Amino acid sequence: MTTGALLKRFYERSIESPEAFWEEQAALIHWEHPFERVLDYSKPPFARWFPGGRTNLCHNAVDRHLAERGEQTALAYVSTETGFEHNYSYRELHAEVNRFAAILQRLHVRRGERVIIYMPMIPEAVFAMLACARIGAVHSVVFGGFASHSLATRIDDARPALLVTADAGMRGGKPVCYKPLVDEACRLAKHPPQHVLIVNRGLDPSMARVPKRDLDYAEQRSAVGDAQVPVAWLDATEPSYILYTSGTTGKPKGVQRDTGGYAVALAASMRHIFCGNPGEAMFTTSDIGWVVGHSYIVYGPLIHGMTTVMYEGLPIRPDPGIWWQLVERHRVSVMFSSPTAIRVLKKQDPEYLKRHDVSSLRTLFLAGEPLDEPTARWISDGLSVPVVDNYWQTETGWPILSAMPGVEETPRKFGSPSFPVYGYNVQLLDENTGVPVPPGQKGVLGIVPPLPPGCLSTIWGDDARFVSTYFSLFRNRMVYSSFDWGIRDEDGYYFILGRTDDVINVAGHRLGTREIEEAISSHANVAEVAVVGVEDALKGQVPVAFVVAKSALDPADAAACGALEREVMDTVDRKLGPIARPARVHAVGLLPKTRSGKLLRRSIQALAEGRDPGDLTTLDDATALEQIRAALARRPG
Ligand code: AMP
């Protein structure tokens, strides 16, 4: 049989007979009550997987393993920031999750109600997620790097009954206080939560508390003792969580995930893509605030009976060998990281890759942004480990394009996340006609619905937005749009070429340019602003802002422009968090627009990357582009 034939058959079956295919995969998880149907697709594009089936994510991730692997480490926690380390066995994890679930019940959090988790990388964040899943509450983890305004928008959209946080995180040896941001977010929000539960790590001695609203986790934990909370058996289609992601509008979208489909998709991916074995360890270097953290720090490895390594700290502290030290210590067999993180390590002495015994490691998976060949080669050769580039989105929850070594080993090409994954009917489409393009021609990466299990079931509270955002790119065809350009070569390998919309990818994380523009516009002296993503050697892309000041500001006045730049950066830090801070803020007198008043973002971006600005026939005032050029040519003040 030729290479790839097995994989091809596996894939084709998933597309031609999705119900039979997914029924088989569904056997990988525990069903308390069998599903009535594999798929209800009576209301396209809404796919309801395994309706009538009752299951629970927490049961599948924790309880189910107690008999066989109660003493095995479930969660290996390491913080090089605080020095705290602990291996939680499945039994201990079960006990902690039960305590947390009892606290939720004590605070009257009910099934279907939302809990926002705004926490650093500490074990309690995992307990909180699993406890929500246990009782059927819907968690929404908000990345700790987001600031109060971002948190407030998410609070108002999710309307949580409870917010769980910590006094502080730690980064590079310095505390990063969370609680003041929570207080400010609760003040800004129209629908603040009734309670805020705080894990006090003792990092912020001056932490203020709001009487009645703020509760101490340690006190609550001792009050519930060794309580046992029965698992709530949810319908497979009930929501498990909301995770906000950026789009082309300022308002973040709450990606809503179901329960049964997600559990099945993750269980299947652990076997066919990640090839982890129960009892082994997986180390995913993401953050619980991102989708990779949800799927492959928490749910995926645990559902699969693996040990998950959770790490708080930088990849280069105490030294750039820390990750490999953890691989050695926990005998990690599967690792998942991002190209940006590897590029950070690449700046360090390559000797660090050789200091530890990483022979347990079978594969390093990288995702989140395009993986360049030098980075892939450097790490693959340095560790003598194969690298698997995989492509997906917050929306899908698990890979869309990837090699699938668990089905069949196939040769990999640098720069390509290989092939469409089983379940995804991927097509590259002409942006105007929606017709599939031939190999070698660029097209929008689309997925013909129904989307497979595990993908978003809708946008939280907004079914219409789900349809209009993702399924309305083509008038005559209902296809899910990824908003990424892709190209396929003659051998069927896919390559991702970047976004088709106004979203930028900073260190593997999506940021909407509109969201950053809205934050900048709140500055009293900003009349107009344009934010574009500009190529960056380390982070892939960084936001760069061009602002028109309200006051008469001479773009050549370095001191005044420098002051405005700092103020604008501070504004973004305060509103959205440092993750969204523009790398540069340039003052200009005018922004390039079309005659109908639309910003020519692509031309601005092209200039900022030193490329040709492209078709300018619709440009209203040619001097605007000259101003952008001049601003870019000026040295930082
Ligand atoms: P997020 O939803 O924040 O995980 O971002 C998803 C986006 O990141 C995708 O739409 C792509 O633009 C980009 N992306 C993710 N993985 C890859 C990859 N392996 N290669 C190229 N781009 C990627």
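Biologist: What are the ground rules for the values?

Modeller: Residues are numbered from 1 along each chain as its sequence is written, and side-chain values use heavy atoms, with hydrogens and water left out. In this predicted model, local features need pLDDT of at least 70 and side-chain atom pairs count only at pLDDT 80 or more, while totals for chains, interfaces and linings use all residues.

Biologist: Why are α5 and α6 called roughly perpendicular to each other?

Modeller: The axes of helix α5 (residues 90-106) and helix α6 (residues 123-135) cross at roughly 65° and come within 8 Å. Angles under 35 degrees count as roughly parallel, over 145 as roughly antiparallel, 65 to 115 as roughly perpendicular and the rest as oblique. α5 and α6 are therefore roughly perpendicular. Their crossing is right-handed, a term for a near helix turned clockwise from the far one by less than a right angle.

Biologist: Which residues of α5 and α6 make the contact?

Modeller: On the α5 side they include L93, F100 and L104, and on the α6 side F127, A131 and I135. Contact means heavy atoms within 4.5 Å. By class, the residues of this contact of α5 with α6 divide into 11 nonpolar, 3 polar and 3 charged. Here Ala, Val, Leu, Ile, Met, Phe, Trp, Tyr, Cys and Pro count as nonpolar, Asp, Glu, Lys and Arg as charged, and the others, Gly among them, as polar.

Biologist: What makes α5 roughly perpendicular to α9?

Modeller: α5 and helix α9 (residues 217-224) pack at an angle of about 100°, with their axes 9 Å apart. That angle makes α5 roughly perpendicular to α9. Among the residues in contact are R99, F100 and I103 of α5 and Y217, R221 and V224 of α9. This contact of α5 with α9 has 6 nonpolar, 1 polar and 4 charged residues.

Biologist: How many aromatic pairs does a search of the whole structure find?

Modeller: The search finds 37 aromatic pairs.

Biologist: Why is the pair of F143 and F146 called edge-to-face?

Modeller: Rings of Phe, Tyr and Trp (its six-membered ring) pair if their centres lie within 6.5 Å; planes under 30 degrees apart count as stacked, over 60 as edge-to-face and the rest as tilted. The centres of F143 and F146 are 5.9 Å apart and the planes stand at 90°, so the pair is edge-to-face.

Biologist: How do you know whether F143 is buried or exposed?

Modeller: Buried means under 20% relative accessible area, exposed over 50%, partly exposed in between (1.4 Å probe, protein chains only). F143 has a relative accessible area of 15%, so F143 is buried. F146, at 9%, is buried as well.

Biologist: What makes L7 buried?

Modeller: The relative accessible area of L7 is 7%, so L7 is buried. L7 lies in helix α1 (residues 5-16). Not counting residues up to four places away in sequence, L7 touches M404, V407, E408, T410 and F419.

Biologist: What kind of peptide bond joins P44 and P45?

Modeller: The bond is cis, with omega about 0°. P45 lies in the loop between β1 (39-43) and β2 (46-49). A cis bond also joins P449 and P450, where omega is about 10°. Most peptide bonds are trans.

Biologist: What is the phi of C275?

Modeller: Phi of C275 is near 55°, a positive value in a residue other than glycine. Phi of A507 is near 50°, also positive.

Definitions and conventions: Axes fitted to C-alpha atoms, helices over the stretch in contact; angles between N-to-C directions. Helix = DSSP H or I, 4+ residues; strand = E, 2+ residues; numbered from the N terminus.
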